[in-house]
Amino acid sequence: MAGQSSISPDVLARYAADAARDVAGVHGLVGNALSRHDGVKVGREGDAVSVELHLALRWGASAPAVGAEVQERVAETLERMADARPATVDVVVDEFAPPPG
């Protein structure tokens with residue numbers, strides 16, 4: 001985790017958001033007033049980085065399967081792009097997109 005101290009939480013949040021959007025079954029990120037980047041909150045305590053993502057899933061997607069894939073993809077992306085393997089990647093499914101039609 002040598003390089004993470006020079007990477008801002010805003011950049012980490014952008015990387016995490018992009019990684020999450022690339023996972024099949026993710027419809028989008030769900031923003032709120034508490035997170036600066038829609039749907040992504042990055043915290044840092046000492047050398048430990050934590051990520052929380054709020055997602056909307058596509059209709060019919062398996063929340064456990066998509067959540068696990070998002071966790072894995074975000075952790076790998078942050079490690080590869082920023083040399084920052086997060087201690088936690090929490091996924092909150094806030095909503096499902098309406099069925100197509």
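What pLDDT does the protein average, and what share of the residues score at least 70? In this predicted model, the average pLDDT is 90, and 89% of the residues reach a score of at least 70.

**Figure 1. Order of the elements and confidence in the predicted model.** The protein contains two helices and four strands, which follow one another from the N terminus as α-β-β-β-α-β. Where pLDDT is low, predicted coordinates should not be read in detail.

**Figure 2. The largest nonpolar core.** This core comprises 26 residues. The residues with the most contacts inside the core are L12, V40, V51, L53, L55, V70 and V74. At least two core residues come from each of helix 1 (9-21), strand 1 (26-29), strand 2 (40-45), strand 3 (48-57) and helix 2 (63-82). Of the 101 residues in the protein, 38% are buried. Among contacts between residues at least 6 apart in sequence, 72% join residues at least 24 apart. The protein exposes about 5,700 Å², of which carbon and sulfur atoms supply 50%.

**Figure 3. The salt bridge between D18 and R21 in helix 1.** The closest N and O atoms of D18 and R21 are 3.3 Å apart. The two residues are separated by about one helical turn because they lie three residues apart in helix 1. D18 is partly exposed, with a relative accessible area of 44%, and R21 is likewise partly exposed, at 45% relative accessibility.

**Figure 4. The salt bridge between R73 and E69 in helix 2.** The closest N and O atoms of this pair are 2.8 Å apart. R73 and E69 are four residues apart in helix 2, which means that about one helical turn separates them. R73 has a relative accessibility of 28% and counts as partly exposed; E69, at 29%, is also partly exposed.

**Figure 5. The salt bridge between E79 and R85.** The structure holds three salt bridges, one of which joins the side chains of E79 and R85, with an N to O distance of 3.3 Å. Side chains of opposite charge can pair when their charged atoms come close. E79 is partly exposed at 41% relative accessibility, and R85 is partly exposed at 36%.

Note on methods:
Residues numbered from 1 in each chain as written. Predicted model: local features only at pLDDT ≥ 70, side-chain atom pairs only at ≥ 80, totals over all residues. Heavy atoms only, no water. Core = buried A, V, L, I, M, F, W, Y, C linked by side-chain atoms within 4.5 Å. Buried < 20%, exposed > 50% of the residue type's maximum accessible area, 1.4 Å probe, protein only. Contact = heavy atoms within 4.5 Å. Areas by Shrake-Rupley, 256 points an atom, 1.4 Å probe, with all protein chains shown as cover. pLDDT = per-residue confidence, 0-100. Salt bridge = Lys/Arg side-chain N within 4 Å of Asp/Glu carboxyl O.
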